[in-house]
Amino acid sequence: MATSDTEFSPTAAVLAWLWPGLGHISRGERHRGFLIMFGVLFLFLAGLLVGGLDCVDRKNDRLWFLAQSLCGPIAFVADFGNQRLVQTEPIDWHRDREARRQFLAGDPEIIEPLRRVGLGRVNEMGTLFVALAGLMNLVVILDAASPTRSGPS
Amino acid sequence: MIGMLAFIPFLHPIAAVHDWWYLLLVPLSFGIAVIYKAMRLPTLDAFWREVFVMTTQIVVAMIALAIGLAIWVRLVIPLLPVSPQAGLTPAHPSPPAASAPLVQRA
């Protein structure tokens with residue numbers, strides 16, 4: 001399976017999308033593949049750490065998600081978690097008196113979902129980290145498909 | 001009460017980042033440098049040194065860009081003359097042109 005030459009390999013491209021770095025590992029460039037894996041996962045996890053699961057949102061941030069989806073299935077898993085754990089039913093604060101009372105009383109049942117939503121720069125930076133991880137992984141996918149460098153790794 | 005609730009990493013956003021978001025440029029540059037150098041270097045012997053150099057280059061370049069833009073916006077742009085054609089009212093209106101018709105007093 002290892003093809004360390006520069007011939008076009010669609011299998012390596014698909015593997016690189018499935019898991020960052022796997023395309024280079026399949027070409028026999030193990031060290032390079034693990035470094036790429038470390039880099040992409042570092043950006044991805046740093047984004048999730050800063051912005052929480054809310055920074056990967058297929059429904060509300062569709063354009064950003066286009067870039068984020070280039071990270072592979074992990075982006076879809078993060079989005080699934082976001083839709084299940086973070087995106088809850090919107091609360092009508094003007095009419096729902098019970099929700100207002102619970103909020104003012106500090107009820108965790110209503111405050112906990114609100115704490116999961118990222119706002120302002122926190123959400124922006126988390127979204128940017130994950131989107132950049134995806135865009136860099138696009139370059140990795142292209143490089144795994146047909147590498148242009150020469151020399152041993 | 002809100003502060004007493006436990007922080008769960010990767011689920012809750014880090015609210016404290018809001019005040020020092022610009023420091024995140026360092027890990028952002030580091031991640032980009034790791035991926036780029038892992039792809040482009042022919043040999044990975046001096047990998048981490050190259051990553052350090054590229055991270056420093058990005059951070060320094062962004063700081064220089066920020067300083068340059070701050071100088072441009074705060075110092076240079078206020079010195080530019082205001083053009084009447086731009087639809088802005090000048091602070092001191094210019095005198096009427098010589099060809100303008102004079103109004104005779106009765």
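A residue counts as buried when 20 or more other C-beta atoms lie within 10 Å of its own, as exposed when there are 12 or fewer, and as partly exposed in between. In this predicted model, B:H18 has 16 C-beta neighbours inside 10 Å and is therefore partly exposed. B:H18 sits in the segment before α1 of chain B. Setting aside neighbours within four places in sequence, B:H18 makes contact with A:G120, A:R121 and A:V122. A second residue of that segment before α1 of chain B is B:F10. B:F10 is not a glycine, yet its phi is positive, at about 70 degrees.

The overall build of chain A comes next. Chain A holds eight helices and zero strands, and its pattern along the sequence reads α-α-α-α-α-α-α-α. Its radius of gyration is 20 Å, whereas the globule rule gives 15 Å for 153 residues, so chain A is more spread out than a compact globule. Along its principal axes, the C-alpha trace of chain A spans about 70 × 20 × 20 Å. Of the 153 residues in chain A, 43% are buried. Among the contacts of chain A with a separation of 6 or more, 69% join residues 24 or more positions apart.

The helices of chain A can be taken one by one. In α1 of chain A (residues 10–18), the residues A:A12, A:L15, A:A16 and A:W17 are buried. The cover over these buried residues of α1(A) includes α2 (22–26) and α8 (120–145) of chain A. Helix α3(A) has 22 residues and runs 31 Å from its first C-alpha to its last, close to the 32 Å expected at 1.5 Å a residue. After α3(A) comes A:G52, with a positive phi near 75 degrees. Helix α6 of chain A (residues 97–104) is hardly covered, and the count of buried residues among its eight residues is zero. After α6(A) comes A:G106, where phi is likewise positive and near 75 degrees. Helix α7 of chain A (residues 108–115) contains A:P113. A:P113 counts as partly exposed because it has 15 C-beta neighbours inside 10 Å. Although A:P113 and A:L53 are 60 residues apart in sequence, their C-alpha atoms are 12 Å apart in space.

Chain B has its own layout. Its secondary structure consists of two helices and zero strands, and 15% of its 106 residues count as buried. The average pLDDT of chain B is 84, and 74% of the residues score at least 70. Where pLDDT is low, the predicted coordinates should not be read in detail. For the complex, the predictor gives an ipTM of 0.83 and a pTM of 0.79.

How do the two chains meet, and what kinds of residue does chain B bring? The contact takes 42 residues from chain A and 27 residues from chain B. On the side of chain B that touches chain A, helix α1 (residues 25–40) of chain B gives the most, with nine residues. This side of chain B is made up of 22 nonpolar residues, four polar ones and one charged one.

A:F129 shows how the two chains come together at the level of one residue. Leaving aside neighbours within four places in sequence, A:F129 is in contact with A:L43, A:A46, A:G47 and A:V50 of chain A, and with B:L28 of chain B.

Methods:
Residues numbered from 1 in each chain as written. Chains lettered and ligands numbered in written order. Predicted model: local features only at pLDDT ≥ 70, side-chain atom pairs only at ≥ 80, totals over all residues. Helix = DSSP H or I, 4+ residues; strand = E, 2+ residues; numbered from the N terminus. Contact = placed C-beta atoms within 7 Å. Nonpolar A, V, L, I, M, F, W, Y, C, P; charged D, E, K, R; others polar. Rg over C-alpha atoms; globule rule 2.2 N^0.38 Å. pLDDT = per-residue confidence, 0-100. Expected span 1.5 Å × (residues − 1).
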